[in-house]
Amino acid sequence: MSVNPAPSTDEERLAQLGYEQELHRRLSGFSNFAVSFSIISILAGAITSYGIAMTAGGPMAITLGWLFVGIMVTFVALAMAEVCSAYPTAGALYWWAAALAKRNKAAWAWFVGWFNFLGEVAVTAAIDFGAAITTSAFLSLAFDMEVTTGRTFLIFLVIIIVHGLLNTFGVNLVRVLSDVSAWWHLVGVAVIVVILAVVPDNHKPVSEVFFEVQNATGFTFAGASVYAVLIGLLMAQYTYTGYDASAHVAEETHDAARAAPRGIVMSVVVSVIAGFVLLFAITWSIQDYEAERTTDLGLPPAQIFIDAVGHNTGTFLLFICMVAQWFCGMASVTANSRMSYAFARDGALPGSRLWKKVNPRTGTPTNSIWLCVTLSTLLVLPSLWNTTAYLAATSVAVIGLYIAYVMPVFLRRMNPDFERGPWHLGKWSAPVGWIAIVWVGIICVLFVLPTASPITASNFNYTIFAVLVVLAFATIWWFASARKWFTGPKQNLIEKAHHGEQTMPTEN
């Protein structure tokens, strides 16, 4: 393989990868980081799924579990970032898979793409539904509104439609809101932590904050408490999702080969630190564990805030979380739509011609934005009948996304010809990559296990079925039809910037 001269501009690098610059390139390195940091959103995931770890594992799963999972996720982020630097394109994960696979390039791209696409739809659904739960709790505290499943669903609808509209207006608005969001998260966490440290009369002993184990799962076998802690890691693992957004907006980012990988890694590292401080403060402020775990508000941290610092101040803290979650969902719709646009650009979605259209005025893929909004809404619909739907959406989001995250990392380890981009891990590349792969294998097993006993229809963990449905859907469609026409990423430049025509980008 010959080595290309280093491209002097982002557009030239994109042309080398086979694409014409269609999206508007207006994001700075900070804005790129801000999109991923907003989607990870410690004030969203860690707040809305806090109850999962309160039930399974307790304080130990919440605080030490957060740190442990954060370290493992940092390995995944580092391994992904190295690949991102070599291929800074909106298709990201499935594009990388096609470029790195030695054989069956199109098949690898197809399966990674579908897991990524459905994982992102699930994560958008889970974020905005979580935002609706938090908004319901806030409205209940501020205006005495009764929390019902129907009202929560209506609030979800309003939130996701607003997110669709805001994304439709163009990348400039997205950039401004993402930058504001990053600061809102950092300042918001600081405010919550200071108030929870200073105001409450009573705090939990610090030893309990780190080492107390709670098991309200109903499992009583020997070692059930260890099992509960492991199940409770879902809270942290679910929160650490969506940082692939930095890669999906690479075609809209300046100096993408450096800024996008940096965005991936820094969004995780900052979240690990800020999230740990936040979770320590909340857990330290627990006044009545069981009453707060089973609160009528449907959101344990909201009850913890109220009990620790009083009704008005507690409602204010919840307001900070609520706004952060609105920002988080907006950034998720951004990333989701860019991935859908890229996948449609390569003909992989039903009706691709419609979803790959870019609005010439705003430079955004308007149709794919509304596709994502619609699919996420369909995924949340079952919540009207069954609350397990939210847990299933979080688990599917975690497993679907992490399978998509780690496949290109695995293919990169299997490909000795991989040519590094300007941002790379040097001699640490192999150990970091293999740790990431092993960790994802562990969580794929962990999060399909039963979460409550006795197992009933309402508490059954449906994740395995949801993941199998995705796999079966992609597999049947592949063998029945797609393998005949899906060739992997198609390049939209007729005149190639190097080596003339080629159907699949090989890194030269």
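The model is predicted, and local features are reported where pLDDT is at least 70, side-chain atom pairs count only at pLDDT 80 or more, and totals for chains, interfaces and linings use all residues. Helices here are DSSP runs of H or I with at least four residues, numbered from the N terminus.

**Helix packing**

- Helix 5 (residues 64-86) packs with helix 14 (residues 256-284) at an angle of about 175°, and their axes are 8 Å apart; the axes are lines fitted to C-alpha atoms over the stretch in contact, and angles run from 0 to 180 degrees between N-to-C directions.
- That angle makes helix 5 roughly antiparallel to helix 14, a term used for angles over 145 degrees.
- On the helix 5 side the meeting residues include Trp66, Gly70, Ala77 and Ala81, and on the helix 14 side they include Ala257, Ile264, Val268 and Phe276, with contact meaning heavy atoms within 4.5 Å.

**Buried residues**

- Thr283 lies in helix 14, and at 0% relative accessibility Thr283 counts as buried; buried means under 20% relative accessible area, exposed means over 50%, and partly exposed is in between, with a 1.4 Å probe and protein chains only.
- When residues up to four places away in sequence are not counted, Thr283 touches Tyr50, Pro59, Ile62, Thr63, Lys204 and Val209.
- Ala122, found in helix 7 (residues 105-143), is also buried, with a relative accessible area of 0%.
- Beyond its neighbours within four places in sequence, Ala122 is in contact with Leu379, Ala393, Val396 and Ala397.
- Ala122 and Ala466 are 344 residues apart along the chain, and their C-alpha atoms are separated by 11 Å.
- Nine of the 10 residues of helix 16 (residues 300-309) are buried, so helix 16 is largely enclosed by the rest of the structure; among the buried residues are Pro300, Gln303, Phe305 and Val309.

**Salt bridges**

- Side chains of opposite charge can pair when their charged atoms come close.
- The structure holds 10 salt bridges, each defined as a side-chain nitrogen of Lys or Arg within 4 Å of a carboxyl oxygen of Asp or Glu.
- Arg338 forms a salt bridge with Glu252, and the closest N and O atoms are 3.0 Å apart.
- Arg338 lies in helix 17 (residues 311-345) and Glu252 in the loop between helix 13 (245-248) and helix 14, so this pair ties together parts that are 86 residues apart in sequence; both Arg338 and Glu252 are buried.
- Another salt bridge joins the side chains of Asp10 and Arg25 (3.9 Å, N to O), linking Asp10 in helix 1 (residues 10-16) with Arg25 in the loop between helix 1 and helix 2 (29-48), 15 residues apart.
- Asp10 counts as buried at 17% relative accessibility, and Arg25 is buried with a relative accessible area of 11%.
- Lys204, one of the residues that Thr283 touches, forms a salt bridge with Glu208, the closest N and O atoms being 3.2 Å apart; Lys204 is buried at 11%, whereas Glu208 is partly exposed at 33%.

**A nonpolar surface patch**

- Ile455, Phe460, Tyr462, Ile464, Phe465, Leu468 and Leu471 form a nonpolar patch on the surface, with about 590 Å² of accessible area together; such a patch is made of residues with over 30% relative accessible area and no salt bridge, its nonpolar side chains (Val, Leu, Ile, Met, Phe, Trp, Tyr) being joined within 5 Å, and the areas come from the Shrake-Rupley method with a 1.4 Å probe.
- Tyr462 sits in the loop between helix 21 (429-446) and helix 22 (463-485), and Tyr462 is partly exposed, with a relative accessible area of 33%.

**Backbone details**

- Most residues other than glycine have a negative phi, and most peptide bonds are trans.
- The peptide bond from Ser453 to Pro454 is cis, with omega near -5°, and Pro454 is found in the loop between helix 21 and helix 22.
- Asn104, in the loop between helix 6 (93-100) and helix 7, has a positive phi of about 50° although it is not a glycine, and Asn104 counts as exposed at 57% relative accessibility.

Technical notes
Residues numbered from 1 in each chain as written. Heavy atoms only, no water. Patch = residues over 30% accessible without salt bridge, like charges linked within 9 Å, V, L, I, M, F, W, Y side chains within 5 Å. Helix = DSSP H or I, 4+ residues; strand = E, 2+ residues; numbered from the N terminus. Parallel < 35°, antiparallel > 145°, perpendicular 65-115°, else oblique.
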